Amino acid sequence: MESFDHSAPREPAVPAAAAKRRGLSRDALVGTICGAVVVLMVGASYAAVPFYNWFCRASGFNGTTQVATAGPTTGPLARKIAVRFDSNVAGGLPWKFEPEKTEIEVAIGQVVTVYYTVTNQSARTTTGQAAYNVAPLTVGAYFNKINCFCFTEQTMAPGEKREMPVVFYVDPALVGDHDNDSLNTITLSYTFYPVRDPAPKPVAAGEPDKPRGNL
């Protein structure tokens, strides 16, 4: 009797060179996909910083204050609120930094000018830049600064003392936010951080500040 082979049919053998090419093609595809993912992640990380800054400024998220070019169109309201001023200096910056007044009472919608005093206590020129926020954090959307020293690097000569103004107002729109009906105090906080490699400045930038006065 004839014998039959009942095993599954075998696939035709693939030449070794073809198999190698197939493997290389698959590896190249995987490598391309991984590379594209890395590029997208790096691009997203760079884009995240300006987007986060824009989002904070636009929404007041995390206590970020708003930037204004002029006071509110309506006059000050009868409701008043206390504004406290906090000052800090990060390690590595030999500065004394303090507000002229630690607390004032202002009418909502009133444009106010306050001063901070900075003194370089070292025998060398140093540069710092301030970061800021307000508390409670939800008030950032209503705290508008017209002028502030925090947007630029500050270079101080040895022993130099400088008065830096902050011009601000509390937006009258705050009274329409009923979550803040019980709000009595806002704290504006600054922290100066050392700048290791300050950007070069033109000679004119070294001119002393204008005499203090309401802006």
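Colleague: How many residues does the largest nonpolar core have, and which have the most contacts inside it?

Modeller: The largest nonpolar core has 33 residues, and those with the most contacts inside it are I81, F149, F168, Y190 and F192. A nonpolar core here is a set of buried Ala, Val, Leu, Ile, Met, Phe, Trp, Tyr and Cys residues joined through side-chain atoms within 4.5 Å. Buried means under 20% relative accessible area, exposed over 50%, and partly exposed in between, with a 1.4 Å probe and protein chains only.

Colleague: Which elements give two or more residues to this core?

Modeller: They are β2 (80–89), β3, β4 (103–107), β5, β6, β9 (161–170) and β10. Strands (E, at least two residues) and helices (H or I, at least four) are DSSP runs, numbered from the N terminus.

Colleague: What is the basis of the model and of its numbering?

Modeller: This is a predicted model, in which local features need pLDDT of at least 70 and side-chain atom pairs count only at pLDDT 80 or more, while totals for chains, interfaces and linings use all residues. Residues are numbered from 1 along each chain as its sequence is written, and side-chain values use heavy atoms, with hydrogens and water left out.

Colleague: Back to I81, then. What is I81 in contact with, leaving aside neighbours within four places in sequence?

Modeller: I81 is in contact with I104, E105, V106, I108, V170, L174, L183, N184, T185 and I186. Contact means heavy atoms within 4.5 Å.

Colleague: And the overall layout: how many helices and strands are there?

Modeller: The protein has one helix and 10 strands, and from the N terminus on the elements run α-β-β-β-β-β-β-β-β-β-β. Of the 215 residues, 33% are buried. Among contacts with a separation of 6 or more, 77% are between residues 24 or more positions apart.

Colleague: Now the aromatics. How many aromatic pairs are there?

Modeller: The count comes to 12 aromatic pairs. Rings of Phe, Tyr and Trp (its six-membered ring) pair if their centres lie within 6.5 Å; planes under 30 degrees apart count as stacked, over 60 as edge-to-face and the rest as tilted. One of the pairs is F97 with Y116, which is stacked at 5.1 Å centre to centre, with 25° between the planes. This pair links distant parts of the chain, with F97 in strand β3 (residues 95–99) and Y116 in strand β5 (residues 112–120), 19 residues apart.

Colleague: Are F97 and Y116 buried or exposed?

Modeller: F97 counts as buried at 7% relative accessibility, and Y116 likewise counts as buried at 0%. Another pair is Y132 with Y190: the ring centres are 6.3 Å apart and the planes stand at 50°, so this pair is tilted. Y132 lies in strand β6 (residues 126–135) and Y190 in strand β10 (residues 185–194), so the pair ties together parts 58 residues apart in sequence. Y132 is buried at 18% relative accessibility, and Y190 is buried at 0%.

Colleague: Which residues form the aromatic cluster?

Modeller: One aromatic cluster is formed by F85, W95, F97, Y116, Y132, F143, F149, F168, Y190 and F192.

Colleague: What lies over the face of Y132?

Modeller: K145 does, at 3.4 Å from the ring centre. A charge sits over a ring if NZ of Lys or CZ of Arg is within 6 Å of the ring centre and within 35 degrees of the ring normal.

Colleague: A change of topic: which cysteines form a disulfide?

Modeller: The structure holds one disulfide, formed by C148 and C150 with their sulfur atoms 2.4 Å apart; the criterion is a pair of cysteine sulfur atoms within 2.5 Å.

Colleague: Why is the disulfide right-handed?

Modeller: The torsion about the S-S bond of C148 and C150 is about 135°, so the disulfide is right-handed. C148 is buried at 10% relative accessibility, and C150 is buried with a relative accessible area of 3%.

Colleague: Lastly, where is the cis peptide bond?

Modeller: A cis peptide bond joins A135 and P136, with omega about 0°. P136 has its place in the loop between β6 and β7 (143–147). Most peptide bonds are trans.
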